[in-house]
Amino acid sequence: MTDVNSKIRRQAPLAKYAFAFAFGIALSRYFEIGANILSALLVLAGALVFHFIIANKNLRLPMILLAFISGAIISIPPQNPYPDFTSQEAELEIFAERAGRNEKGASYGIGKVLSASKNFAKAKGSKIWFYAKDAKDIWQGDKIRGSFIVRKVEKEEGFNNYLLNQNIFFNAYSAEKTEIESAKFPYSLYKSAREYIAEKLGTFYGGKNAENEGARAFRAMILGDKSYLSKDAKNDFKLTGTMHIFAVSGLHVGMLASIIYFILNLLRVPKKAAPAISLPILFLYVSVCQSAPSAMRAFIMISAVWISSAFLRKPKTFASLVAAFFISLAFNPSNLFDAGFALSYSVVLAIVLYAVELDEALSQKIQNLRGFELKNPPLPRRIYLKCERGIIAGLCIGIAAMFASAPLCSCYFGYVPLLSAFLSIPFVLGATAAVACGAASVVLPNFLCPITNSIAAFILEIMLNSAKIFSDLAVVLNVKISPVAAFACEWAILASLFLYPEIKSPAKWILPPAITAATLLSAAIF
C-alpha cells in the first residue's frame, strides 16, 4: 500500500510549492506580517535561488521558501479607507460580483463600489456586502444604484469574520427602492443560460407542481441556489451534515461532463477535438452557478484530465487537484478563507490521499480473511461483493470527509454534525441519481424533460423526508474554534497525510482523525 500511496503523491511534484504558497497566504493574513519585511524576505529567497543555481545545488528548499513568501506578499490585505467610519447614508453604484436571494425574495451579495457620494468616495473600487430588500432579481454583473445605509463590519466573528477575510469592510443596506441596470455580456449570457436551465427543470408529469418542495429542492441542487430550499429543509440538512449535496461540485460538473462525453462518442467526434467542444459548455454551467469555488475546482480538474487524456497522457487526479488549488489561489488569495473553498479542497484532498488507500487496505484485509474466492462467482455472490465494496468505499470516504471538514465546520458554523460520515453515503447516492436526471434534462428534448424531472423530484422528496427524520436523531457537537486553530489543524492533517509512506504501523489510519479529535476536544474543554 505504501507504494500506491507514494505513487499518488509523486503525481504532483509541485504540490509542496503550492502548499507552501497557501501557507504563506494564511500566515500573512493571520499574523499581519508587514510588506517591508516580506519584500526583504523575497529578495533573500531570490538571492538563495540564484546562489543555488550557480552552485548547481538542489533548488527544492529555496523554491519552497520563495513560494511561501510569494503567497504571503500577494495576500497582504488592502487598508480600510475609513477605519473610524460611523453608520450613515450614501449614494452608491455597485457592480454585483456574486448575488443571491433569501427565502423572502430580497437580494444580497458581494459587489464592487463603482462610484459613491462624497462621504464615501474613498471606498471606490473596494468590495462591499450589499442587501437590497426591494430588488428581487439581482444577478451577477448587474449594476445597482441607489441610496444605502452603510455600516462598518465590526466584530471578527461569524459572518463578519468571513467578510473581513474577503477584504470587505462595509455592509450596504438599501434605504429605498434601487435602480438595476441589467448585466452585459458575458454575464447576460450566463443569466440567459440559467433561465434556460431553470425552465428545463421546471416541467413535471402527474400534475406535480413546480413549486412542490421536492421540485424546488431539485432546482436548488442543480443550480446551486439554496434560496429554493425552505428554512426547515436547510436546518434539517445542516443538522445531518448533508447540506454539501446542494453545493455545485465535482458530482454536478462530472455528471454533465460524462453525458457530454457520451454524446460526443456517439457522434464520433475526434478525441482531440472533444475538449474544445465540451469544456466551454462546462465552463458555461460553472458560470451559471456564479463560479462557486467547489464548481471551479471541479472544472479545472476535469479540464486537466480531459485535455491530458485527449493527447495520449494518462490523467493524474492528484496533479489536477493541486493545479486547481494553485490557480484558484493565484487569482484570488482570499479564496483560502472562503468556507466553500476550504471545505471543498480539504475534503477532496483527504479522499485522494487517505480514503483511497484505506479502502484498498480494508478490502485486501477482508479478502485475506475470506480466503479462496471463485474468479467468476454466481450472480448473487457478485452482487453481494459489489455491495460490500461500495459500503467499504463509502465508509472510507465518509471518515475522510469527516475528519477533514470537522475543524472548518467548527470554525465557520460553530458545530460539527457527528453522523455526517454515515448519512453522507445514502444522501450522496440519492444526489448522484438526481444530478444525473438534471444533467439529462438539460440536454434532452423538451418532451422528455418531465420524465427525468419527476424522477429527480421524487428522489429529493425522499431525501427531504429522510433529512427531517434524521435531524431529530442527529448528534451535533456544538464547539467553536478560532480560524487560526482550524487552519493549524488542517495543516497538521495535511502533514500527516504526506508522511503516510514513512509510517509503517496501523497508527497511520488513526493519526489524521486523532488530530481533528484532539483539536475539537481541546476547544470543548478549554
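**Figure 1. Glu179 and its salt-bridge partner.** Glu179 is partly exposed, at 49% relative accessibility in this predicted model. Its partner in a salt bridge is Arg145, and the closest N and O atoms of the two are 3.5 Å apart. This pair links distant parts of the chain. Arg145 sits in strand β4 (residues 143-152), while Glu179 sits in strand β6 (residues 179-181). The two residues are 34 residues apart. Arg145 is partly exposed, with a relative accessible area of 24%.

Figure 2. In the bridge between Arg219 and Glu211, the closest N and O atoms are 3.4 Å apart. Arg219 has 5% relative accessibility and counts as buried. Glu211 is partly exposed, with a relative accessible area of 46%. Other salt bridges share partners and form one network, made up of Glu93, Arg145, Glu179, Glu181 and Lys184.

**Figure 3. The salt bridge of Arg101 and Asp225.** The structure holds 9 salt bridges. One of them pairs Arg101 with Asp225, with the closest N and O atoms 3.8 Å apart. Arg101 lies in strand β1, and Asp225 lies in the loop between α7 (213-223) and α8 (231-239), so the pair ties together parts that are 124 residues apart in sequence. Arg101 counts as partly exposed, at 30% relative accessibility. Asp225 counts as buried, at 11%. Side chains of opposite charge can pair when their charged atoms come close.

**Figure 4. The second largest pocket.** This pocket holds about 910 Å³ of space. It is lined by 35 residues. Closest to its centre are Glu97, Lys127, Phe331, Asn332 and Asn335. Several elements each supply at least two residues of the lining: β1 (88-101), α6 (187-200), α10 (274-288), α11 (293-310) and α12 (317-331). Strand β1 gives the most, with 3 residues.

**Figure 5. The largest cavity.** The structure holds 1 cavity of 30 Å³ or more. The largest cavity has a volume of about 320 Å³. Its lining has 19 residues. Nearest the centre lie Phe325, Ser346, Leu349, Glu490 and Leu494. Two or more lining residues come from each of α12, α13 (339-370), α14 (379-413) and α17 (483-498).

**Figure 6. A nonpolar patch on the surface.** Five names make up this view: Phe262, Ile263, Leu266, Leu267 and Val443. Together they have about 500 Å² of accessible area. Helix α9 (residues 250-266) gives the largest share of the patch, 3 residues. Ile263 has its place in helix α9.

Figure 7. Arg268 is not a glycine, yet its phi is positive, at about 55°. Arg268 is found in the loop between α9 and α10. At 75% relative accessibility, Arg268 counts as exposed. Ser291 is not a glycine either, and its phi is positive, at about 50°. Ser291 is found in the loop between α10 and α11. Ser291 is partly exposed, with a relative accessible area of 30%.

**Figure 8. A cis peptide bond at Pro186.** Which residues does the cis peptide bond join? The bond joins Phe185 and Pro186, and omega is about 5°. Pro186 is found in the loop between β6 and α6.

**Figure 9. Ala495 and Pro512.** Ala495 is found in helix α17. At 41% relative accessibility, Ala495 counts as partly exposed. Ala495 and Pro512 are 17 residues apart in sequence. In space, their C-alpha atoms are 9.2 Å apart.

**Figure 10. Confidence along the chain.** The mean pLDDT of the chain is 84. Of its residues, 89% reach 70 or more. Which element has the lowest mean pLDDT, and which the highest? Helix α1 (residues 2-10) has the lowest, 53. Strand β2 (residues 107-116) has the highest, 94. Where pLDDT is low, the predicted coordinates should not be read in detail.

Technical notes. Residues numbered from 1 in each chain as written. Predicted model: local features only at pLDDT ≥ 70, side-chain atom pairs only at ≥ 80, totals over all residues. Heavy atoms only, no water. Patch = residues over 30% accessible without salt bridge, like charges linked within 9 Å, V, L, I, M, F, W, Y side chains within 5 Å. Areas by Shrake-Rupley, 256 points an atom, 1.4 Å probe, with all protein chains shown as cover. Salt bridge = Lys/Arg side-chain N within 4 Å of Asp/Glu carboxyl O. Helix = DSSP H or I, 4+ residues; strand = E, 2+ residues; numbered from the N terminus. pLDDT = per-residue confidence, 0-100. 1 Å grid on protein atoms, 1.4 Å probe; cavity = no way out; pocket = protein on both sides within 12 Å on 5 of 7 lines; lining within 4 Å. Points joined across faces, edges and corners; volume = space filled by probe spheres on them. Buried < 20%, exposed > 50% of the residue type's maximum accessible area, 1.4 Å probe, protein only.
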